[in-house]
Amino acid sequence: MQIELKPLQLSDAEKLYDFFQKLPASENGKNNRAHGLSRKEFSAWVQTEIDASNGKNLREGYVPGTTFVMYVDGTPVGVSNLRHYLNENLEKDGGHIGTHILPEYRGRGYGNIIKQETMKKAKEMGIKRVLIFNHDDNVPAWRTSEKLGGKLDSINEINGVKIRKYVIDTSRI
Ligand SMILES: CC(C)(COP(=O)(O)OP(=O)(O)OC[C@H]1O[C@@H](n2cnc3c(N)ncnc32)[C@H](O)[C@@H]1OP(=O)(O)O)[C@@H](O)C(=O)NCCC(=O)NCCS
């Protein structure tokens with residue numbers, strides 16, 4: 001099995017359109033803003049993601065972040081987002097990493113793999129302490145955080161949702 005975690009690129013936009021349409025729009029606080037876009041809008045969205053990775057044209061209150069696509073033997077199966085640093089709000093909820101696996105590929109270990117591969121990118125970027133927030137009822141998500149050595153820091157209720165805050169030291173990765 002060959003795993004590749006690749007930053008989203010304009011040259012891949014055409015072949016990733018269907019994948020992003022199959023990935024649900026929103027689940028457990030994880031949004032796929034490409035869902036429902038036309039092909040033309042999708043290319044424009046890919047460009048805004050590339051800009052965000054380069055810290056360009058950021059919206060007010062946003063920090064730079066990279067969107068990665070994970071390919072298994074050349075097939076896209078999931079997406080992850082890595083924020084390069086956090087602001088005060090993201091330290092309370094949001095954190096560094098979000099992951100999203102296509103429904104048809106869930107429960108096969110890819111959630112663990114994409115988080116681990118994204119942690120490696122965080123380490124390469126010089127991030128020492130990664131924060132991850134998972135909904136308390138989203139068991140697969142927080143199990144992957146714990147599997148990577150995440151320490152449960154706290155459980156807080158935010159907007160009526162119980163959220164677990166994990167801290168992961170990248171020296172473990
Ligand atoms: C969270 C998510 C990425 C996990 O992906 P996945 O490919 O299903 O995860 P895995 O197959 O690697 O399983 C991860 C762990 O959860 C466990 N798990 C999987 N499905 C489960 C379920 N339905 N109930 C309980 N545990 C489950 C697995 O056993 C595994 O734990 P283990 O390694 O200790 O055995 C995926 O469910 C998803 O995309 N959800 C929607 C978006 C989301 O919630 N993202 C997380 C917040 S950013």
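1. Strands β4 (residues 65-72) and β5 (residues 75-83) pair in the antiparallel sense over 8 bridges. Strands here are DSSP E runs of at least two residues, helices are H or I runs of at least four, and both are numbered from the N terminus; two strands count as paired if DSSP finds at least two bridges between them.

2. A word on the model before going further: it is predicted, so local features need pLDDT of at least 70 and side-chain atom pairs count only at pLDDT 80 or more, while totals for chains, interfaces and linings use all residues. Residues are numbered from 1 along each chain as its sequence is written, and side-chain values use heavy atoms, with hydrogens and water left out.

3. The β4 and β5 pair belongs to an open sheet of 4 strands, in the order β1-β4-β5-β6, with antiparallel pairing. At the edges stand β1 (3-7) and β6, each with a single partner strand, so one side of each has no neighbour in the sheet. From one strand to the next, the twist averages 20°. Angles run from 0 to 180 degrees between N-to-C directions, with axes being lines fitted to C-alpha atoms, for helices over the stretch in contact.

4. Which strands does α2 lie across? Helix α2 lies across β4 and β5, and runs at about 120° to β4. Helix α4 also packs on the sheet, where it touches β1, β4, β5 and β6; the direction of α4 makes about 45° with that of β5. Contact means heavy atoms within 4.5 Å.

5. Now the charged pairs. The whole structure has 11 salt bridges, a salt bridge being a side-chain nitrogen of Lys or Arg within 4 Å of a carboxyl oxygen of Asp or Glu. One of them joins the side chains of D12 and K6 at 3.0 Å, N to O. Here D12 is buried, with a relative accessible area of 4%, whereas K6 is partly exposed at 22%. Buried means under 20% relative accessible area, exposed means over 50%, and partly exposed lies in between (1.4 Å probe, protein chains only).

6. R39 and D18 form another salt bridge, with their closest N and O atoms 3.7 Å apart. This pair links distant parts of the chain, since R39 sits in helix α2 (residues 39-53) and D18 in helix α1 (residues 13-22), 21 residues apart. Both ends are partly exposed: R39 has a relative accessible area of 39%, and D18 has 47%.

7. In the salt bridge between E27 and R106, the closest N and O atoms are 2.8 Å apart. E27 is partly exposed at 22%, and R106 is partly exposed at 37%. Elsewhere, salt bridges that share partners join K6, D12 and K15 into one network.

8. Where does G95 sit? Its place is in the loop between α3 (88-92) and β6 (97-101), and at 0% relative accessibility G95 counts as buried. Setting aside residues up to four places away in sequence, G95 touches R83, L86, L90, L131 and F133. G95 and V130 are 35 residues apart in sequence, yet 7.5 Å apart in space, C-alpha to C-alpha.

9. N134, in strand β7 (residues 129-135), is buried with a relative accessible area of 7%. A polar contact of 2.7 Å joins the side chains of N134 and S145. A polar contact is a pair of N or O atoms within 3.5 Å; within protein, one must be able to donate a hydrogen and the other to accept it, and residues adjacent in sequence count only if both atoms are side-chain atoms. Beyond its neighbours within four places in sequence, N134 has contacts that include K115, W142, K162 and Y166.

10. Finally, the ligand. It is surrounded by 21 residues, the closest being N28, T99, I101, G109 and N138; the criterion is a residue heavy atom within 4 Å. An N or O atom in the side chain of N28 lies 2.8 Å from an oxygen atom of the ligand. A polar backbone atom of G107 is 2.8 Å from a ligand oxygen atom, and a polar side-chain atom of K147 lies 2.8 Å from an oxygen atom of the ligand.
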